[in-house]
Amino acid sequence: MVYHYNLHKKDMHTPFSAGRDLQLGLPEGMPTYMHDYIGCYHIVDCNLGWLLEQISKKVNMDRTVIVITADHSIFKSNLLESFEQYAQIHHFSIPAKRSYCPCWIYIPNQPNRQINGVFYQMDLYPTVLAALELQSHPWKGFGINLLDERQRQQRDTVNETYYQQLSNRIIIHNALSTRF
């Protein structure tokens, strides 16, 4: 089933009303936010499936890199905590005390793998450069190549606040506009 749905509508955010009326066969007694969130997740999943199918009809997937991510995580710690007991009983995997932002990267001829850790939006640029085999590009960005285990392990231990400040200077204050 494919839902053609405008994913920019506010009802895909809290309180997830777009997923409220979907009948997905979820267990009885599920917290309302969890049910509605899973419904929204289902809508996004169906739309992404449709989009990827359309892309694969038009381009050579052996020469295409696709990056799908979100601009922020959806659950704050207190909302995650409200799901913990229910999740444990029903064997759902919910990250403990941490909200995560998804990032999915399709790279042709690469094995599927999951990379866990703390990463930043600035890591996308060097990762995409590597996926495109453009490591010789003159500007490497500020982050690390997430595909390189050595870089992930050697990430400098600068306080996370530093990365947030750097990101704000670049994005909000357009700090690079006068440099190029």
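The legends below walk through several close-up views of a predicted model.

Before we zoom in, residues are numbered from 1 along each chain as its sequence is written, and side-chain values use heavy atoms, with hydrogens and water left out. Because the model is predicted, local features need pLDDT of at least 70 and side-chain atom pairs count only at pLDDT 80 or more, while totals for chains, interfaces and linings use all residues.

**View 1. A salt bridge joins R20 to D36.**
The structure holds 3 salt bridges (a side-chain nitrogen of Lys or Arg within 4 Å of a carboxyl oxygen of Asp or Glu). In this one, the N to O distance between the two side chains is 3.1 Å. R20 sits in the segment before helix 1 (32-58) and D36 in helix 1, so the contact ties together parts that are 16 residues apart in sequence. Helices here are DSSP runs of H or I with at least four residues, numbered from the N terminus. R20 is partly exposed at 39% relative accessibility, whereas D36 is buried at 2%. For these words, buried means under 20% relative accessible area, exposed over 50% and partly exposed in between, with a 1.4 Å probe and protein chains only.

With 58% relative accessibility, K57 is exposed; E53, at 42%, is partly exposed.

**View 2. D148 meets R150 in a salt bridge.**
Here the side chains come to 3.7 Å, N to O. R150 has a relative accessibility of 47% and is therefore partly exposed.

**View 3. The rings of F16 and Y37 pair edge-to-face.**
There are 4 aromatic pairs in the model. Rings of Phe, Tyr and Trp (its six-membered ring) pair if their centres lie within 6.5 Å; planes under 30 degrees apart count as stacked, over 60 as edge-to-face and the rest as tilted. For F16 and Y37 the centres are 5.4 Å apart and the planes stand at 70°, so the pair is edge-to-face. This pair links distant parts of the chain, with F16 in the segment before helix 1 and Y37 in helix 1, 21 residues apart. F16 is buried at 1% relative accessibility, while Y37 is partly exposed with a relative accessible area of 25%. Together with Y33 and Y41, F16 and Y37 form one aromatic cluster.

**View 4. Y125 and W139 make a tilted aromatic pair.**
Their ring centres lie 5.1 Å apart with the planes at 45°, so the pair is tilted. Y125 belongs to helix 3 (residues 124-131) and W139 to the loop between helix 3 and helix 4 (149-153), which puts the partners 14 residues apart. Y125 is partly exposed with a relative accessible area of 31%, and W139 is partly exposed at 31% relative accessibility.

**View 5. The second largest pocket has a volume of about 210 Å³.**
A pocket is an open set of points on a 1 Å grid over the protein atoms alone, where a 1.4 Å probe fits, with protein on both sides within 12 Å along at least five of seven lines; lining residues have an atom within 4 Å of a point. The volume is the space filled by probe spheres set on the points, which are joined across faces, edges and corners. Of the 13 lining residues, I107, P108, A131, L132 and E133 are the closest to the pocket centre. The lining divides into 7 nonpolar, 2 polar and 4 charged residues. In this scheme, Ala, Val, Leu, Ile, Met, Phe, Trp, Tyr, Cys and Pro count as nonpolar, Asp, Glu, Lys and Arg as charged, and the others, Gly among them, as polar.

Note on methods. Helix = DSSP H or I, 4+ residues; strand = E, 2+ residues; numbered from the N terminus.
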